[in-house]
Structures are given as structure tokens and as C-alpha cells.
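Thanks for coming. I will go through one structure today, starting with how its chains meet and then moving to what lies inside them. Please have the sequence and the model on your screens.

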Amino acid sequence: MAEKLTFGKEIDNLLYAQHGNPIKSCIQCGTCAGSCPSVEFMDHTPREIIGLIDAGYKEEVLSSNTFWTCASCYNCTVRCPAGIEIANLMYALKRYTIWKDQYGEDLIGPKFSESFVKMIMRTGRSFEPILAPSYIFKYGAKDLIQEAQMASTLVLKGRMPLLPKKIKRLDNFRQMVRRIIPIGGDS
Amino acid sequence: MSERVGVYICHCGTNIAKTVDVEEVATWAGEQPNVVCSREYKFMCSSLGQDLIEEDIKEQGLTRVVVASCSPHMHEKTFRTACERGGLNPFLFEMANIREHDSWTTDDREAATQKAKALTNAAIERVVHHNPLEPLPVEINPNTLVVGGGIGGISAALELADAGHHVYLVEREPSIGGHMAQLDKTFPTLDCSACILTPKMVDVGQHPNITLLTWSEVEKLDGFLGNFTATIRKKARYVDEEHCTGCGICIEKCPFKVVDNVFEAGLGTRKVIYRPFPQAVPKYPVIDVENCVYFQRGKCKACQIFCPTEPNSIDFEQQDEMIQIEVGNIILATGYDLFDVSRIPQYGYGRLANVFTSIEFERMVNASGPTDGKIVMRDMESTPKNVAIVHCVGSRDENYHKYCSKVCCMYSLKFAHLIHERIPEAEVYNCYIDMRTPGKGYEEFYHRLLEEGTHFIRGKVADVSDVARTETEEGKLIVQVEDTLIGKQRRIPVDMVILSPAMEAKPDSKEVSQLFKMGCDFDGFFVERHPKLDPVATMTEGIFIAGACQGPKDVPDTVAQGAAAAARVAGLINRGTVMMEPVRASINQEACSGCRICNTMCPYNAIIFHEDRKVSEVLTALCQGCGTCVAACPSGVITGAHFTNDQVLSQIEGILWDVRVEQELVPGD
Amino acid sequence: MRTYAYYPGCSLESLSMSYHQSALETAKELDIELREIEDWNCCGATAYFHADELLAYTLVARNLAIAEKDGLDFVAPCSGCYKNAYFTNKYLREDPELADHINFALEADNLHIGGTTNVLHLIEVYVNDIGLDGIKNKVTRPLKDVRVAPYYGCQLVRPRKDHEDTENPQLFEELISAIGAEAVKYNSKTRCCGGSLIITNRDAALDMVYKLLLDAEKNDTDVIATICPLCNVNLEVYQKHVNREFGTHFSIPVMYFTQILGIALGIAPGRLGIGKEMVSAAPVLNILQSAESGKPL
């Protein structure tokens, strides 16, 4: 019978191909949180997340908004004295929660990423207007109006695409993707 | 005549016996040629075990002894001594390692027993070819060279000198005292550093048994334990030490000042002819040639003009002096440097005016320093209202130095205390990762600081900037750090930031270690013989190390190491003669073809070439028995004692006992 | 005439087309060819890495493989695309198993990656390959009196690739000096603009943009120069949002480095996409005209 993994081990496995030190090298110095430009918007600091992972507080980590507030600026990674790739840990946690379909209700990030992935499969390129529904409905009325104003100004200046562009070899592209992840038909 | 070999298989409790069938091996060994007695015993290294060997030698007339047990590193000496006590030359003994090389490497009983037989047999076949060897006596020159005149070198020198031995103390700077002379107070007692150091410096300067060579460096070292020859360059001071009274008028009258980047850490100035600090030992000043107007442009000469002695003590024609000395032992106490904090740009040193390093702050806070002990900002006037002290700068960090620098927490606490003392209303913030206060009175010192109202923020400072986001931050330095104990990123506005950089090895430590024929580690610190049991000796006989050059440490540990090194040297001097291992190479000069290949191969420069007779010779005392020349000699005329061809080849044959095929010699072969 | 495999990236198609225009114009002027990679696909930005790492690498690898086919170095004007391409290339070179896995997928489009191309950011091409002297020689309208704040953003310098200075790089300042402008010294030049948080966590991103604009303004900035379309959009398109949120009145022009370079090379502003901004770039042109004519503003 397979051994049940601790949460810490699960995360180690997610990071096995990374080039930094394992997260158990963390000395809890706080440089990551001290350098983070968006830490004020996180419910746990990056250092706390590593501490929680090590202590096995899985639910608390998965329901945290910390990694979804990460801007991938890599400030933490270049300064970490223990050589841990913290920004990549944040990516790994994002992937984990999307895979497990376990994330906070009001988070925009996961839905946005899912829409993004689907959009790429559809055309091979990015097309902003398709992504709007994934976040626009979280906005209040005032924000929505401002967003619409901004969008229309951009359209007038010719900066907003009105039709999605497709790559030519889209079929090959989709085949290529399926060789990595069997998706089963167009999603 | 055949030899009479005694074989002893040790159980080592269950360490060997659990995996190796020791009885079987002993019985089997007893059947081998030349073996007259074969035993197995629980603990051969015990006195009873050793007695067995002694008795057997006497009663059975053994001429060779083999013990199959642990690693020779552990007990070769024990058993060799046992042989000696039994009346047998200690080199007629061979050890087989059936523990670290056998029983500890596998759980397979059969395989382990087979290997034990092979190893024991190898020893039996080899030992038959051993020759008796006598250790070489080496005389120990009672003089000692101490390199480095900081507190470590001073301690070592005084210990030896007080014991009646002569010491040459060589120091690179114009005065002894080292970094300790720059400090204000020392933790945890808050003793004034100069007050406790200067009496020792004076002792050194006046001691009849110490020859003090300052403004000097060792350039060449030859020789070996007990017989070193050191060539020292005594740099020209341009001051005649014989006539100079140390009155200091030359310094007073010198019209030119420069920034003192060495002693005053760039915070203060000194004259071009100068003493590093008022209590300098020796008292003779030195001229800074690069900034001296006379040496650069041929003008001035104020020092010479005003010098009152007869004859004049200023000698512009003085040359460097090369001094050669003969010593028996050398103690290196060359000290440390501080990590260059500009390697961490986010801390703002150099870019932001009021970021200081620890050594700058030490000078500032020193009563005889450039600010007379007043704590002021870079404008040399304003008093800071709040100060942040940043721990772990350049240490405990994969990007710079992985090690913990040991003393920084304590000196950072000391700084906090001094700020509280001099500016009672100031707010002090110490930002640390862990508070390391392991010494005597150290944790109590930390408590004192807690009571004095220091704000301790557990978090490594992320950056220091001057970008204000609110009113309170205007005109301040902002220290951004996560207060990990409350889980919040904090921005602390302060007037002054003090960085506590790590101690690191001096930049030329690699060259110095090579000059003294020993090694340094990846961090540049000198390598001790054993990190636990022998911290002051090195792998090179006769060379010892003490103090921060071996690793970051505080004054008490440095003094202890200086004294320890001195004790080791004194012990050697006391014995007068030391016996060296006879495992050395020797060249059959009659057969030597003079090709000199061995000369260049020897890593210890132990082979000389006789130009007259065109043959090479091994200097036995320098030879470390590595065997390189033995293998390299194309004529095969170099013998490695205790590692002759017969000995090594028979060892190999012994191991292959179970695959050997007896060959019949056919006539004509 | 050196040729590069040019990877514009999705943003440069419409939202940041002025970056694309000015890149091609300045390249032409400086005698290099930016040959667009045929049939390139999206690099995945950050969002794809939130879904699946291996797939994200594959997406990037497809573009690298096309560049490899032509034997050209891969150049990306967008820091996000650059970072993805650089590290994908690096990992593929170092890890043969990863390369095998991805090559198996690339076969579906008759492509193969061998790690033979080099990945460069567009600004590196100008500063390192063309060189500062090469640029200085072609400058006909030095941006005299214009104070330009170099905004590096994150992903050009971080993560660390070799032993370069991630805290205080100077290459952008050197470029600004080479075109005759004055580089503004300010602390936040490598501080994050919020990136994709502008959508997924608007509050956090606006806070970060606000702090950047504040620092730039405090240091007397005439124009912020960017090297990434997302940074540019965050700083420029959302300035109004920041003003509304924080009660500020920012109106700082934000231009791509290729646009200010283009002006200095004497290219007409219209051809550099100037005029399409949300925060007008006119003040910058006014300063320049005033300096050139000698008439004060």
C-alpha cells in the first residue's frame, strides 16, 4: 500500500525539478516577506507559508491568498539567504490548488488562469476581450464603468483587438499540447 | 630463515564479530605460511589484548606481528608500541583493517569473512618483507616566529617569552594591536579595549625575549619542523629606530593630512608621517610614501627639519631590510577582515550617507576616535534620534558566506548599549534572525539590552532606502523588514543604520597559507589539523594557527588559542628533540642517472640535486613519504621506506590468494 | 546587417503596438533586422505556469524551435516572454530528459529543439550588440533636458542568470545617456509594477503602481521609459485608476525605450506609435522642441 505523503513531502515533490534548495532549508529569516512588494495584501507572508507547509497545515495553506497575490517579481528568490526559489514555490502552489480545484471563492487568479489556458488552446494567441468575463463580474458598478470607459478609449486608439488572431498551424499546435496533457477534444 | 608471524584477529566487541566469522579467519590464518601463532580476541586494543602481543613475542619468539582490527588511524600506534614493549621493532608490524573496510561496509557474512581472509593474508605476506626502521631525531630550534601582532599573536608571544623562550613577532602594520586596538568597549564586560590591550602591547615591546618586527612581512619560508629559515622584509619606515625618541614632533609639524582608511576606517585623518594610534608599539612613526610630498615631488622635509635628535632620525634614504631568522616553530595569528558591505547594494552603504559599517561605528564611539566618542551622523554634527542595527550582513547567506560569524550578535548588542548610554532618548532597533549569545555572561548581556528598552525585531532586513511614503518617513532612512514574530512587513524610519558585517578571511589568506606550506578552506580560513581535537595545529608539522585566521571568534577564544599554540610550541621546545616517522624516500645515489624528474615532482621541495656529482638526494626531514618520486623515477632507484616494491607487491598477491594460479617456471623463462 | 529571430509576443499585436512599431523602426535605422518568427504562439505569460509547468515550457519551446530552424538568436521585446524563453532554453539545455519529453510533443508540428539558439531581451541587442557607440553615432536629436526615469521592472534582471547585479543594473541608464537624455536616479527602478495582478488583484497592483509613480514624480521625472509592454500598460493605462484610488494627480508620460530612442535617431514620432497613449507624450516632445529651439517652455 502506498505511503500517505505529508504535505511537506507533496510540496517537495512538486519542486523536485527546481534548481534551488529544498524548502526545509528555510531559516525563517523573513527576507522574502521583507522584500515582497505585495505582502500587505497577503493573508500570510511568504515566510509564513513555508512555515505552515513544514508544520503540515495543508488546509490553511491551500485556502490562503498569498500565492495568488504573488506578482512573480522574484525579489524574494534573488535575496533568499537559504537559496530557496520562493517565487517558483508560489507557482507550484497555484498549480496545486488549480489541480485540486481547491481555492477561495473570491479569488480571481484561478479563474483567470483557467480562461487563459482555454483561450490559448482555441487560437494559440492571447485575445484580451475573451478574458474579461473571468474577472469583470467581481467588480462593483463604479469599477465596471471605469473599465468600460478604459476599454472603449483603447478601442478608439486602435489598441484593443476586436477579433481573435489564430496561428496557422493550429491543428498541429493542439496535437502538440495533447502530447503533454491528454485533453480529449477541444475544451 | 623464515619469519615467525603472530596473527591477531580482533572481534571489536560485535563491530567486527557480528559480520565476520573471526574464529574461522583466525584458524585459516594459522594455516598460512610463516604464521606460527594465530588468535582471535574480543578487544585487541585493551591492555590485555596488548599484553597478548607482548607475551607472544617473548615466549614464541615472534619476528613479525599482524593485527586485523580497526583502522590504523585508530590503533596503529597502540600496537606498534606494544610490539616495541615486547622487544620487536615497531615497524615489523602490519595492520589489516577488517572493520571500516569490511564489517562496517556490508551485512553479508560470507562476503565479509572472505574479504577478512584476503585482507589478513595481504598483511601476513607483506609483513614478512618489512625491515626494521628507526624514527629520525630532529632537533627543535628554541626560537619561535609569531606572524601577526593582534591579540592572538600577542598572547602567543607573551606566553612563550614568559616561559623563557625567544620569539620573533612579525607584524605587517606599523604597530601591533590589530583590530582590537580599534575597538572602544569589549563585550560583555564593557571593558575599555585599549585599557586591557595596551599593557600587553607594552609588555611585548619591552620583553627581553621578544624581537618585535613591525612594518614587516615574511616573504620566504624554508625548512621543516624544528629547523625553519624565514626571510623577512622589514619595510623602510624612513625613521631611524636607533635614534628616534618617539617625541612626535615630526607628526605635529607635518603639514599634510590624508584620510585614514586603515585605522580610522575612513572616518578620520592622519598625517603623512604617522603613528597609527597614540599608544602604538613600537613608538616609531612611519612615512606614507605615496602621499609624501618629499617622495613625490622632492619638497617639504618638515619632519626632518624639526626632528630634535642628534643625529637626525628621519632618513629618506632608508632601504627595506631583508632579515633571515632561524626558528623551530611558527604560529600564524594573522587575524581577519570585515565583509565588504558594498557587495549588498540594497543596504545602501556608500549610496546613502548615514549607513555605517561596524568598524566605522567602533571608531566613532571610541573616546579617542575622530568624533571624540560622540555618536553623530555623517555630517559630523547631528545626533541621531533613532538607529537601526542590521545583523547577519554577509553571513548565514548562500549568496555571500554560508557560515555564522559568531561575534556579530554580541557586538551588535554592544552597539545598542552604547547608543542607549550616549543618547538616552534614542530608539534603537536590532534586526536579527537568531540571537546568538553563547559565551559566559553573553545571554545576561542580552537581557540587559532588553531591559534598556532596545526594540528587537526578528527579521533579516530586506533593504534600506530613502524613499519616503508618508510624512513620518520624510528625510529618514527606511529599514524594510518582516517582523516575523508578528508576521508583518514593517518599515522603520531611522536616522542612522549600522550594518554588522561578517568576519571573513583576509584576501591574501590563500597566498599566505601557501607560503607557510599549509592550506585554507573554501572560505579562506586556515585549516586546522582536527576541527574538534586539534584546532591550533595544522597538517604541517611545526606550523600552528591561532585566532580569527582559523575562523570567526571573539577575544577570549583568540587568547585561548594563542596560549594553546604557545603551549604546544613550548612542549616541543622542552623536548628539544622530536622523533619523526621514518616512512620516507631515499635515493640510491650510485644508481641515480641525474635525470632530475623527481626534483620537479616533489610537492614538498624535499629533493635537491648535487651539481658536482650530478645526483639527486632526498632531504629526509622534509620528505613526507608521499611516494610520488618513488613512482616517477624512470630508473626505479628511489625506495620508499616501508613501501618497497616487495612489500607492496606481496600485499597485492596476498589479497588475491583465492585466484592465484601456481605457475611452474619453465627452463628458459 | 545582423538578423534576429524576433518574437513580438501577444501584447505587441494591439495593446502595445507602438512598442512593435518603434522596435522595427529603430532596428531599421540601426542596421539590424528583426525578422518576425513565423507562426509564433503565445509564450504562456505567467498564467500558463499557473496551470501546468511542462505544458508551459512546451509552448515556449515551440517558438524557440522555430528560431533554431533559421539559426538565429531569439529576441523578445517583452520581459515576460524573455524570461520564459531564457529559462526554458536553459532548462532544456541542462536536462536531456525534459528536452526529450518536449521534443516528443514538438514533433506534432515537425519541430525539434536542441538548445542552439541564444535568448536576448531587445534592450540587450541595442546596448550590447549594436553598442552604445554605435547608437551615439546615429543620434541626430539628442534628448537634451529630458529627464528619463529608466524603469527596468522585474523580469529582465530577476531571476538571476549569472552573477549579474540584480539590485543596481546600469545598462538602461547607459542607453539613456547615449541618446543625450538625463537618467533619473530613483530607488524603485527594479520594483515590481504588479504585472498580471492588475487583473487578478487590482488593489495590490494599483498600490504598487502608485508607489512607482510617486517615486518617479518625486525625482522630477519627465518621462518613464519601459522595456516591457505589461509594465508600460500598468504604469500608463492605469494612471487614471491610481489617481482615483489614491487621490493623486499623476500625469507622467510613459514611453517604450524604443520610442525615445527613435526620437533621438530622428525618426518621426508618428512612425514610433506616439499619439496612441492614454497619458499624452506631448510634454516630452515639447521639452525637446524647447531645448532645440532655445525658447523656454
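A salt bridge here is a side-chain nitrogen of Lys or Arg within 4 Å of a carboxyl oxygen of Asp or Glu. By that rule there is 1 salt bridge between chain C and chain B.

Before I go on, some housekeeping. This is a predicted model, where local features need pLDDT of at least 70 and side-chain atom pairs count only at pLDDT 80 or more, while totals for chains, interfaces and linings use all residues. Residues are numbered from 1 along each chain as its sequence is written, chains are lettered from A and ligands numbered from 1 in the order in which they are written, and side-chain values use heavy atoms, with hydrogens and water left out.

Back to chains C and B. Which residues form that salt bridge? B:Glu474 and C:Lys218 do, and their closest N and O atoms are 3.2 Å apart.

Contact, meaning heavy atoms within 4.5 Å, involves 8 residues of chain C and 10 residues of chain B. Buried area is the accessible area (1.4 Å probe) that two parts lose on being put together, summed over both. Between chain C and chain B that comes to about 760 Å², with 44% from carbon and sulfur atoms. Of the area that chain C buries here, C:Glu167, C:Asn187 and C:Lys218 supply 53%, more than any other three residues.

Next, chains A and C. How many residues does each chain bring to the contact? Chain A brings 58 and chain C brings 70. The buried area is about 5,900 Å², and carbon and sulfur atoms give 58% of that. There are 12 salt bridges between chain A and chain C. In one that joins A:Asp143 to C:Arg244, the N to O distance is 3.0 Å. The side of chain A that touches chain C has 28 nonpolar, 15 polar and 15 charged residues.

Now the insides of the chains. Helices (H or I, at least four residues) and strands (E, at least two) are DSSP runs, numbered from the N terminus. Two strands pair if DSSP finds at least two bridges between them.

In chain C, an open sheet of 4 strands runs β6-β5-β7-β8, with parallel pairing. Its edge strands, β6 (182–183) and β8 (254–256), each pair on one side only. Strands β5 (residues 147–151) and β7 (residues 223–226) of chain C pair over 4 bridges, and C:Pro150 has C:Ala225 as its bridge partner in β7(C).

In chain B, strands β1 (residues 5–10) and β2 (residues 35–41) are parallel, with 6 bridges. Between β1(B) and β2(B) the chain passes through helix α1 (residues 22–30), in a right-handed β-α-β crossover. Right-handed means that, with the strands pointing away from the viewer, the path from the first strand over the helix to the second runs clockwise.

Last, the whole structure has 66 salt bridges over all chains. One of them joins B:Glu362 and B:Lys414, at 2.7 Å between the closest N and O atoms. B:Glu362 is in helix α11 (residues 358–365) of chain B and B:Lys414 in helix α12 (residues 408–422) of chain B, so the pair ties together parts 52 residues apart in sequence.

Note on methods:
Nonpolar A, V, L, I, M, F, W, Y, C, P; charged D, E, K, R; others polar.
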